[in-house]
There are 2 protein chains.
Amino acid sequence: MNALPELTDIRAAAARIAPHAVVTPVLRSAALDALAGAHLHFKCEQLQRGGAFKFRGACNAVWSLSDEEAAHGVVTHSSGNHGNALALAAATRGIQAHVVVPEGAVKAKVDAIARAGATLHRCAPTQAAREAMCAAVQAQTGATLVHPYADARVMAGQGTIALELLRQVPSLEVIVAPVGGGGLMSGIAIAAHALNPELGLVAAEPAGADDAARSLAANTRVTSVVPDTVCDGLRALVGEPNLAALRAHQVSIVTVTDAEAVAAMRLVWSELKQVVEVSSATVLAAVLKAPGRFAGREVGLVVTGGNVDLDALPW
Amino acid sequence: MNALPELTDIRAAAARIAPHAVVTPVLRSAALDALAGAHLHFKCEQLQRGGAFKFRGACNAVWSLSDEEAAHGVVTHSSGNHGNALALAAATRGIQAHVVVPEGAVKAKVDAIARAGATLHRCAPTQAAREAMCAAVQAQTGATLVHPYADARVMAGQGTIALELLRQVPSLEVIVAPVGGGGLMSGIAIAAHALNPELGLVAAEPAGADDAARSLAANTRVTSVVPDTVCDGLRALVGEPNLAALRAHQVSIVTVTDAEAVAAMRLVWSELKQVVEVSSATVLAAVLKAPGRFAGREVGLVVTGGNVDLDALPW
């Protein structure tokens with residue numbers, strides 16, 4: 001597979017993950033439609049296995065391996081939803097997942113990864129330490145690295161969301177999804193435009209981690225942004241292949257402040273009755289912030305996850 | 001119509017409300033199944049119009065009226081989900097809803113009722129004052145009283161949940177729903193047993209408002225219970241016709257403490273990712289409390305509503 005997946009790869013991913021993943025429902029709210037002045041269709045990945053869309057990419061990666069590769073397991077360095085998703089995906093194939101966890105990671109998330117059956121490897125909380133530990137695990141075990149977003153198998157898995165959503169809502173005119181590392185947005189852009197080149201594509205990005213917006217504006221990958229946002233799922237810098245896909249598909253970015261994301265999160269909880277992460281709420285925040293782009297249109301919003309600490313709500 | 005609806009009334013209600021009500025989805029959770037040792041199917045009425053099942057009964061009542069009756073509007077005394085549901089239902093027919101609101105009612109709920117277009121009538125916070133004000137509004141306007149639960153049209157509307165749920169999950173063996181006034185449980189019992197007399201029926205009731213359990217045990221309606229529970233939607237005493245239906249259909253009751261309901265609410269939020277009221281969580285609390293009754297079975301749990309004050313969570 002190339003650096004970027006194509007529609008055939010995304011279709012193959014859909015078939016590969018079908019026995020394991022949830023076809024998540026699309027929910028609507030008359031109150032939110034009225035507020036936005038548009039027809040909003042919320043694709044509910046908080047109802048995906050593991051509580052986040054990440055299971056799709058991880059599952060496609062795990063089931064893309066040959067039997068010999070699979071026998072050595074998989075490894076990643078993510079203490080968040082991707083680590084958990086990879087642990088769950090590995091379990092569906094009965095293979096070992098190694099997850100490198102930096103000191104100081106959220107205990108509840110680490111516990112969930114352990115419960116899912118992964119082997120944890122502790123390291124210092126720096127990017128260098130994480131990569132070194134990952135390399136050490138690979139060297140020791142022969143496990144395949146499954147990067148959270150700069151991986152064509154992962155992008156293809158995330159792109160299956162667009163296939164499902166366009167089947168569920170064929171009249172869709174725009175899709176809005178959050179962008180962090182860009183695995184989700186790139187997969188969706190490739191799948192959606194292959195099916196309908198006229199579809200509008202909007203990425204919601206926290207203002208405090210707006211490297212994708214800066215990178216598109218500068219026409220080169222900007223790596224100087226130091227993320228400072230409550231949206232913990234969107235702090236990663238956009239990946240190189242992911243950025244290329246965003247550029248190729250003319251994804252436009254709406255940046256939202258933390259306050260806007262938190263207000264939108266509260267709206268999703270109160271009106272849609274869904275427990276969603278603040279990172280997920282950036283999509284509604286973007287629609288409410290740039291109403292001119294969405295007025296009267298059929299808009300798909302990808303709600304990415306619902307793994308929230310119920311004892312530490314941001315309002 | 002008699003004091004209790006029959007299957008034909010419930011089928012007619014389903015047709016009557018179909019243009020206005022949501023066919024709510026059924027959600028599942030592998031983690032909750034494992035915890036319960038049973039196959040749990042959550043019927044999501046928090047996704048109903050107005051955020052609660054109450055819209056079904058109110059809508060059926062509103063659309064059961066003749067044009068001449070409808071022209072005079074409808075009235076009720078409920079500052080909770082039923083008042084809001086009646087306001088929304090009246091709006092679907094373009095008629096007036098009068099809602100009697102006792103002083104001290106939760107402001108957010110009263111505001112929602114006003115936003116839905118109802119005319120509010122304030123009164124002192126006693127049962128006598130509420131009934132007197134209701135009677136006064138009826139005398140002035142000729143509006144039809146729509147009681148929250150002791151009303152066959154309302155019971156028939158709530159019973160449509162069972163028709164839907166058994167269509168969505170034909171293999172169901174038991175249905176669990178909360179009991180307060182009993183409008184929901186009686187409608188469900190009548191509909192469910194008409195379709196499948198073998199279905200088990202379980203009502204979840206707060207220990208601090210266990211008048212239905214006491215009434216069934218004593219074989220007479222016990223009205224001496226002074227409700228003391230965090231489950232604000234289940235404080236009403238069971239109605240006379242509702243109790244008769246519970247008895248006729250051999251509904252068994254599992255009482256749960258407030259702590260058990262709150263713990264179950266938290267589980268529904270974290271595992272099912274649904275914002276539900278504590279009253280709604282009594283059904284899961286009941287299943288977890290009496291595992292022997294449900295082990296290995298296909299269990300339908302009616303989640304009644306999701307209108308929660310996000311600034312005052314009970315944990």
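Modeller: Two strands pair if DSSP finds at least two bridges between them, while helices (H or I, at least four residues) and strands (E, at least two) are DSSP runs, numbered from the N terminus. This is a predicted model, in which local features need pLDDT of at least 70 and side-chain atom pairs count only at pLDDT 80 or more, whereas totals for chains, interfaces and linings use all residues. Residues are numbered from 1 along each chain as its sequence is written, and chains are lettered from A and ligands numbered from 1 in the order in which they are written.

Biologist: What radius of gyration does chain A have?

Modeller: Chain A has 14 helices and 10 strands, and along its principal axes the C-alpha trace spans about 55 × 40 × 40 Å. With 315 residues, a compact globule would have a radius of gyration near 20 Å, where the radius is taken over C-alpha atoms and the globule rule is 2.2 Å times the number of residues to the power 0.38.

Biologist: What percentage of the residues in chain A do buried residues make up?

Modeller: Among the contacts in chain A with a separation of 6 or more, 75% join residues 24 or more positions apart, a contact meaning that C-beta atoms, placed from the backbone, lie within 7 Å. A residue is buried if 20 or more other C-beta atoms lie within 10 Å of its own, exposed if 12 or fewer, and partly exposed in between. Of the 315 residues in chain A, the buried ones make up 56%.

Biologist: Which element gives the most residues to the side of domain 1 of chain A that touches domain 2 of chain A?

Modeller: An automatic or database domain assignment divides chain A into domain 1 (7-53 + 151-303) and domain 2 (55-145), and their C-alpha centres lie 24 Å apart. The contact takes 22 residues from domain 1 of chain A and 14 residues from domain 2 of chain A, and the elements giving two or more residues on the domain 1 side are α1 (7-17) and α8 (152-168) of chain A. With 8 residues, the element that gives the most to that side is α8(A).

Biologist: Which residue of β10(A) is the bridge partner of A:C44?

Modeller: Strand β2 (residues 39-44) of chain A has 5 of its 6 residues buried, so this strand is largely enclosed by the rest of the structure. Strand β1 (residues 26-27) of chain A pairs with β2(A) in the antiparallel sense over 2 bridges, and there A:V26 has A:K43 as its bridge partner. Strand β10 (residues 298-303) of chain A, in contrast, pairs with β2(A) in the parallel sense over 6 bridges. In β10(A), the partner of A:C44 is A:V303.

Biologist: What is the bridge partner of A:V101 in β5(A)?

Modeller: An open sheet of 4 strands in chain A has the order β5-β4-β3-β6, with parallel pairing, and its edge strands, each pairing on one side only, are β5 (119-123) and β6 (144-145). Strand β4 (residues 97-102) of chain A pairs with β5(A) in the parallel sense over 5 bridges. In β5(A), the partner of A:V101 is A:R122.

Biologist: Which residue of chain B comes closest to the rotation axis?

Modeller: Superposed by least squares on the C-alpha atoms of residues with pLDDT of at least 70 in both copies, chain B can be laid on chain A with an RMSD of 0.0 Å by a turn of 180° and a shift of 0.0 Å along the axis. That is the relation of a two-fold axis. At 2.4 Å (C-alpha), the residue of chain B that comes closest to the rotation axis is B:Q274.

Biologist: Which helix gives the largest share of the side of chain B that touches chain A?

Modeller: Of the interface residues of chain B, 100% are also interface residues in chain A, so the copies meet through the same surface. In this interface 13 residues of chain B are in contact with 13 residues of chain A. The largest share of the chain B side, 3 residues, comes from residues 258-272 of chain B, which form helix α12.

Notes
Two residues are in contact if their C-beta atoms, placed from the backbone, lie within 7 Å.
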